[in-house]
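Subject: Structure for your files

Hello,

Please find the structure below, followed by notes on what was found in it.

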Amino acid sequence: MKTMTCKQLGGACDHEFHADTFDEIAEISKKHGMEMFQKGDDAHLKAMNEMQELMSSPNGMKEWFEAKRKEFDALT
Ligand SMILES: [Zn+2]
């Protein structure tokens with residue numbers, strides 16, 4: 001089981017996610033992001049906007065994802 005925080009995954013708080021695979025942790029963090037989005041949390045809305053900008057460039061999202069995957073894999 002590995003741990004990454006919301007902030008580490010492009011979010012805005014120190015909430016910790018635990019998962020065995022990167023795909024799993026990405027999914028959990030996405031759910032958390034959506035929850036905070038629905039609550040209208042300013043910090044998370046801002047973080048989401050930044051993510052959206054990243055996604056507007058063709059390779060932006062892919063590169064971001066790969067970088068985070070490496071970060072996850074490097075955890076012990
Ligand atoms: Zn968060």
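**Strands, zinc site and helices**

T3 stands opposite H18 in strand β2. That strand covers residues 16–19, and strand β1 (residues 2–5) pairs with β2 in the antiparallel sense over four bridges. Two strands pair if DSSP finds at least two bridges between them; helices (H or I, at least four residues) and strands (E, at least two) are DSSP runs, numbered from the N terminus.

This is a predicted model, in which local features need pLDDT of at least 70 and side-chain atom pairs count only at pLDDT 80 or more, while totals for chains, interfaces and linings use all residues. Residues are numbered from 1 along each chain as its sequence is written, and side-chain values use heavy atoms, with hydrogens and water left out.

In β2, F17 and A19 form the covered face, and E16 and H18 the uncovered one. In a regular strand the side chains alternate between the two faces of the sheet.

The zinc ion has as protein donors C6 (SG), C13 (SG), H32 (NE2) and H44 (NE2), lying 2.0 to 2.3 Å from it. Donors are N, O and S atoms within 2.8 Å of the metal (3.2 Å for Na, K and Ca); water is not among the atoms, so sites may look incomplete. Along the chain the spacing of the donors is C-x6-C-x18-H-x11-H. C6 lies in the loop between β1 and β2 and H32 in helix α1 (residues 22–39), so the pair ties together parts that are 26 residues apart in sequence. C6 counts as buried at 4% relative accessibility, and H32 counts as buried at 9%. Buried means under 20% relative accessible area, exposed over 50%, and partly exposed in between (1.4 Å probe, protein chains only).

I25 is also in helix α1 and counts as buried, at 0% relative accessibility. Not counting residues up to four places away in sequence, I25 touches K2, T3, M4, L9, F17, H18, A19 and F72, where contact means heavy atoms within 4.5 Å. S29, in helix α1, counts as buried at 14% relative accessibility. Leaving aside neighbours within four places in sequence, S29 is in contact with L9 and F17.

Finally, M51, L54 and M55 in helix α2 (residues 42–56) meet G60, M61 and W64 in helix α3 (residues 60–74). By class, this contact has five nonpolar, one polar and no charged residues. Ala, Val, Leu, Ile, Met, Phe, Trp, Tyr, Cys and Pro count as nonpolar, Asp, Glu, Lys and Arg as charged, and the others, Gly among them, as polar.

Regards

Methods. Axes are lines fitted to C-alpha atoms, for helices over the stretch in contact, and angles run from 0 to 180 degrees between N-to-C directions.
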